[in-house]
Number of protein chains: 2
Amino acid sequence: MKRTDLGKLPCSIARTSNLLGDWWTPLILREAFYGVRKFDEFAGRLKIGRNVLTQRLNRLTDENILVRKRYQDKPLRYEYRLTDKGRALFDVLAAMIRWGDDWLAEAAGPPIELVDINTGKVIRPIVVDAKTLKPIEPRNIDVRKGPGFPNNMKL
Amino acid sequence: MKRTDLGKLPCSIARTSNLLGDWWTPLILREAFYGVRKFDEFAGRLKIGRNVLTQRLNRLTDENILVRKRYQDKPLRYEYRLTDKGRALFDVLAAMIRWGDDWLAEAAGPPIELVDINTGKVIRPIVVDAKTLKPIEPRNIDVRKGPGFPNNMKL
DNA sequence: TAAGTGAGTTGCGCAAGTGAACTCACTTTG
DNA sequence: CAAAGTGAGTTCACTTGCGCAACTCACTTA
């Protein structure tokens, strides 16, 4: 069915949702962060339709989230690697992990833990203000038009 | 069309994506954070199909993200308010805002700014480790099974 | 009685997702 | 050299979601 193009709205939530706002894309990105690179690896681990996977990988490549790289010549074979833009999406996945751990995990605890390779310690993501390093209380927040807001539009 | 139920996977990204992973839900939540409560307010601001809006609001209510509250008796009228569980989703939206600002905003800058009501200062979200308060570098991260991971499943 | 209001519901046409089978271009095996 | 195997898609039938507009319901207002 048709889908409204959210990418054009002057809102970063809409623009990001235009990209991530579907069932599979966050999970494809999760697999990419896990180190998965090849088409059949994605397909096998995700139990996703191959046509859907193809469509999503193409979309992520077009948006420069993943880059399609040849890793073998005979026969020609490609793999999908995260770009810097793609790697930065880890923060969104981390926020999803944190919220899911807090609100959807069963009594046993989180299903998965993030671990720092160097220190061996469990990492718990938290969203804070970059300046004060304090959690952001939505009740204390207002929104206003930023420099990139079109002059002829309403909030 | 049919959709794979991601809510059952032992992964917080999948569980959270099961809820947020569609076109409209993040935007509905955005409006809720903006203070929108009534059905027609959501509908008017979002240009969303009324059937889709109904379905999403019901889903969010079922999941205790929003609570449907009577605010008038004659005639009977309801509004949708964020719960604590719903308010906590602000962190995911904040991470989306930050990523969108960094990677999708045009040269003019972010379309929207978050502002602290009390100090009047612009807030820039960032995702850090709760203990070290340092940004999380995905290259330094590994994943392992957490306490809530089922014994009979693979990562 | 007619019009207005908020909150949905219905119906239609189109398009996306699921699951399985298929195709392509190659390599490997006997 | 034919058959089988492999990675990476493509195709297809079926099911169901979405955009859009019109409609319904329960009430109030003039």
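**Figure 1. Asp40(B) and Arg50(B) meet side chain to side chain in a salt bridge, at 2.7 Å from N to O.** A salt bridge here is a side-chain nitrogen of Lys or Arg within 4 Å of a carboxyl oxygen of Asp or Glu. Asp40(B) sits in helix α3 (residues 39-46) of chain B and Arg50(B) in helix α4 of chain B, so the pair ties together parts that are ten residues apart in sequence. Helices (H or I, at least four residues) and strands (E, at least two) are DSSP runs, numbered from the N terminus. Arg50(B) counts as partly exposed, at 48% relative accessibility. Buried means under 20% relative accessible area, exposed over 50%, and partly exposed in between (1.4 Å probe, protein chains only). The model is predicted: local features need pLDDT of at least 70, side-chain atom pairs count only at pLDDT 80 or more, and totals for chains, interfaces and linings use all residues. Residues are numbered from 1 along each chain as its sequence is written, chains are lettered from A and ligands numbered from 1 in the order in which they are written, and side-chain values use heavy atoms, with hydrogens and water left out.

**Figure 2. Salt bridges that share partners join Arg30(A), Glu31(A) and Arg45(A) into one network.** Over all chains, the rule counts 24 salt bridges.

**Figure 3. A salt bridge joins the side chains of Asp102(A) and Arg124(A), at 3.5 Å from N to O.** The pair links distant parts of the chain, 22 residues apart. Asp102(A) belongs to helix α6 of chain A. Arg124(A) lies in the loop between β4 (122-123) and β5 (125-129) of chain A. Asp102(A) is partly exposed, with a relative accessible area of 41%. Arg124(A) is partly exposed too, at 42%.

**Figure 4. Helix α1 (residues 12-20) of chain B has nine of its nine residues buried, so it is largely enclosed by the rest of the structure.** The buried residues of α1(B) are Ser12(B), Ile13(B), Ala14(B), Arg15(B), Thr16(B), Ser17(B), Asn18(B), Leu19(B) and Leu20(B). They pack against helices of both chains. From chain A come α2 (25-33) and α6 (90-103). From chain B come α2 (25-34), α4 (50-62) and α6 (90-103). Contact means heavy atoms within 4.5 Å.

**Figure 5. An open, antiparallel sheet of three strands runs in the order β6(A)-β3(B)-β4(B).** The edge strands are β6 (141-145) of chain A and β4 (122-123) of chain B, each pairing on one side only. Strand β3 (residues 112-116) of chain B pairs with β4(B) over two bridges, in the antiparallel sense. Two strands pair if DSSP finds at least two bridges between them. Leu114(B) stands opposite Ile123(B) in β4(B).

**Figure 6. Chain B and chain A bury about 8,100 Å² between them.** Carbon and sulfur atoms carry 67% of that area. Buried area is the accessible area (1.4 Å probe) that two parts lose on being put together, summed over both. The contact takes in 83 residues of chain B and 83 residues of chain A. Ile13(B), Trp23(B) and Trp99(B) supply 11% of the area that chain B buries against chain A, more than any other three residues. The rule finds two salt bridges across this interface. Arg144(A) forms a salt bridge with Glu113(B), the closest N and O atoms being 3.0 Å apart. On the side of chain B that touches chain A, the largest share comes from α6(B), with twelve residues.

**Figure 7. Domain 1 (1-83) and domain 2 (89-141) divide chain A.** Domain bounds come from an automatic or database domain assignment. The contact takes seven residues from domain 1 of chain A and six residues from domain 2 of chain A. The domain centres, taken over C-alpha atoms, are 23 Å apart. The area buried between these domains is about 540 Å², with 92% from carbon and sulfur atoms. In domain 1 of chain A, Leu20(A), Pro26(A) and Phe33(A) lose the most area to domain 2 of chain A, together 62% of what that side buries. Across this interface the rule finds zero salt bridges.
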